[in-house]
Amino acid sequence: MNGAALIVYILGGLTIGSSLMVILSKHPVRSVLYLILTFFLISGNYIMMNAQFVAVVNIIVYAGAIMVLFLFVLMLLNLSKDNEPKTSLTMKIAATLAGGSLLIVLLAAVKDVIMPEKIMITAMTDNQQGLVNNLGEVLFTKYVLPFEVSSILFISAMVGAILLAKREKQIID
Amino acid sequence: MILATIFESGVSIQFYLILASILFAIGAIGVLVRKNSIIMLMCIELMLNAANLLLVAFSTYFQKSDAQIFVFFIMVVAAAEATVGLSILVMAYRNARSVDVGIFNKLKG
């Protein structure tokens, strides 16, 4: 094991740690901040796999847009530790057992994977498939129809969000 | 080029399989454990990211860029989902003054 592999293992460990803190911390704002940290660490993983476009988009869209939306909603609702809903201990144990058995099933399924080649984890390799040049070409030729359909999805999501969050007239009066 | 020799190494795909499985399980446990509906939405984002990580790992492994386009589309869908989900939660908070998912029990009629 040498330099770059060590960086990837450290990034992976930190990712698991910060995602555990998301579900363990009691304060909702702290959860959001740990989730932002998790997204940055996952972006680091993408960079180590030479997927630079996905890494940058992950930071811009997830850490930049979606998590700021979550923070704004938390700020608007003025949530704090005191009005955090409590989960009973039985429920917690049952949920952890259920999630743990899901993890065991997943690990048992992937443990026999035989894929001997290694992923080259450096920007110095010559694999170019994660760069903007190549991705743009694929996106606007092979996947141009899904790309256009996703704009319809965005418009409908925007209209739906405005309709849902708008105050009705009777409530104001 | 001592830097090139240090960086000339690889990580096996099993590491990413295990990492993505653990992240997905943490997200699933979070959805089950927490009752704050906003935190539940965040855990769903965490599970989506586990899937993204695995897609990018396999994209690098097979030297094909199609999976990274899929990651792009997953991000698009996640953004739309977060917007609509949060507006539903804000609406529910306005009516019930709580973010507990238990308030949706009232929908049983």
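**View 1. Helix 3 of chain A, from end to end.** With 26 residues (52-77) at 1.5 Å each, helix 3 of chain A should span 38 Å, and its end C-alpha atoms lie 36 Å apart, which agrees. Here a helix is a DSSP run of H or I with at least four residues, a strand is a run of E with at least two, and both are numbered from the N terminus. The expected span is 1.5 Å times one less than the number of residues in the helix. Helix 3 of chain A bends by about 30 degrees at M67(A); the bend is the angle between axes fitted to the seven residues ending there and the seven starting there. After helix 3 of chain A comes N78(A), with a positive phi near 55 degrees.

*A note for all views.* This is a predicted model, in which local features need pLDDT of at least 70 and side-chain atom pairs count only at pLDDT 80 or more, while totals for chains, interfaces and linings use all residues. Residues are numbered from 1 along each chain as its sequence is written, chains are lettered from A and ligands numbered from 1 in the order in which they are written, and side-chain values use heavy atoms, with hydrogens and water left out.

**View 2. The buried residues of helix 3 of chain A.** Among them are V54(A), N58(A), Y62(A), M67(A), F70(A) and L77(A). Buried means under 20% relative accessible area, exposed means over 50%, and partly exposed lies in between (1.4 Å probe, protein chains only). The buried residues of this helix pack against helix 2 (28-48) of chain A, and also against helix 3 (37-62) and helix 4 (66-96) of chain B.

**View 3. A nonpolar patch on the surface.** V68(A), F72(A), M75(A) and L76(A) form this patch, and together they have about 420 Å² of accessible area. Patches take residues with over 30% relative accessible area and no salt bridge, joining like charges within 9 Å and nonpolar side chains (Val, Leu, Ile, Met, Phe, Trp, Tyr) within 5 Å. Areas come from the Shrake-Rupley method with a 1.4 Å probe; for residues, only the protein chains shown count as cover. M75(A) lies in helix 3 of chain A and counts as exposed because its relative accessibility is 53%.

**View 4. Salt bridges.** A search of the whole structure finds two over all chains, taking a salt bridge as a side-chain nitrogen of Lys or Arg within 4 Å of a carboxyl oxygen of Asp or Glu. One pairs D112(A) with K111(A), the closest N and O atoms being 3.2 Å apart, and both residues are exposed. In another, D66(B) pairs with K142(A), with 2.6 Å between the closest N and O atoms. This pair crosses between chains, from D66(B) in helix 4 of chain B to K142(A) in the loop between helix 5 (132-141) and helix 6 (144-165) of chain A. D66(B) is buried, at 19% relative accessible area, whereas K142(A) counts as exposed at 56%.

**View 5. Around M47(B).** M47(B) sits in helix 3 of chain B and is buried, with a relative accessible area of 17%. Leaving aside neighbours within four places in sequence, M47(B) is in contact (heavy atoms within 4.5 Å) with F24(B), G27(B), A28(B) and V31(B). M47(B) and M75(B) are 28 residues apart in sequence and 12 Å apart in space, C-alpha to C-alpha.
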